[in-house]
Amino acid sequence: MRPAARDEAHMREALQQALAAEVTHDVPVGAVVVDASGTVIGTGRNEREALHDPTAHAEVVALRQAAARLGTWRLDGCALVVTLEPCVMCAGAILASRIERVVFGAWDDKAGAAGSVVDVLRERRLPHRVEVVAGVLAGEAEAQLRAFFAARR
Ligand SMILES: [Zn+2]
């Protein structure tokens, strides 16, 4: 599979995760962690409301699952695919886990830490940097978020 087609396939899995978040009235954000062979080794959805946990963002949930599955906190060679640009906390967790590549869908103009407000993932003063691919299936991710907030208004 072409790398771009593979990213899209994983983004579809992340979008499915995001839909599940809506069940618990959580903002629909979903993520998957993929190993070097392209196998999904962790999945997560935003569960802040479900768990009463401010750190239960989709990315953190997926990173924890992947690390538990591999039996190590180091996720070298892995990619994280997420429907929304990571926030500062998640960007920090991504760096801490040594993720190699981040693929995201929609930009987050208010809180994004992968280029829109700040760029933690590619900060030259930090020891680890991440390859970032932005805007994969962005239209679908944006539509999902818009529908969620429109329904709550
Ligand atoms: Zn986050």
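Colleague: Helices here are DSSP runs of H or I with at least four residues, numbered from the N terminus. With that settled, which helix gives the most to the lining of the largest pocket?

Modeller: Keep in mind that this is a predicted model. The largest pocket holds about 600 Å³ of space, and 22 residues line it, with Val27, Leu84, Asp108, Leu145 and Phe149 closest to its centre. Two elements give two or more residues to that lining: helix 3 (58-70) and helix 5 (138-152). The top contributor, with four residues, is helix 5.

Colleague: Moving on to the second largest pocket, which element supplies the largest share of its lining?

Modeller: That pocket has about 210 Å³ of space. Its lining has 13 residues, and those closest to the centre are Arg6, Asp7, Asp35, Ala79 and Arg101. Helix 1 (3-21) and strand 3 (79-84) each put in at least two. The largest share, four residues, comes from helix 1.

Colleague: Asp7 also forms a salt bridge with Arg101. How many residues apart in sequence are the parts that this pair ties together?

Modeller: The closest N and O atoms of Asp7 and Arg101 are 2.8 Å apart, inside the 4 Å cut-off. Both residues also belong to a salt-bridge network with Glu131. Asp7 sits in helix 1 and Arg101 in strand 4, so the pair ties together parts whose separation in residues is 94.

Colleague: Is Asp7 buried or exposed?

Modeller: The relative accessibility of Asp7 is 8%. Buried means under 20%, so Asp7 counts as buried.

Colleague: Which residue forms a salt bridge with Arg12?

Modeller: Arg12 is in helix 1, and its partner is in helix 5, 128 residues apart. The closest N and O atoms of the pair are 3.0 Å apart.

Colleague: Over on the surface, what accessible area do Val88, Val117 and Val118 have together?

Modeller: These three form a nonpolar patch. One of them, Val117, lies in the loop between strand 4 (101-106) and strand 5 (131-133), and counts as partly exposed because its relative accessibility is 47%. Together the patch has an accessible area of about 240 Å².

How values were computed
Residues numbered from 1 in each chain as written. Predicted model: local features only at pLDDT ≥ 70, side-chain atom pairs only at ≥ 80, totals over all residues. Heavy atoms only, no water. 1 Å grid on protein atoms, 1.4 Å probe; cavity = no way out; pocket = protein on both sides within 12 Å on 5 of 7 lines; lining within 4 Å. Points joined across faces, edges and corners; volume = space filled by probe spheres on them. Patch = residues over 30% accessible without salt bridge, like charges linked within 9 Å, V, L, I, M, F, W, Y side chains within 5 Å. Areas by Shrake-Rupley, 256 points an atom, 1.4 Å probe, with all protein chains shown as cover. Salt bridge = Lys/Arg side-chain N within 4 Å of Asp/Glu carboxyl O. Buried < 20%, exposed > 50% of the residue type's maximum accessible area, 1.4 Å probe, protein only.
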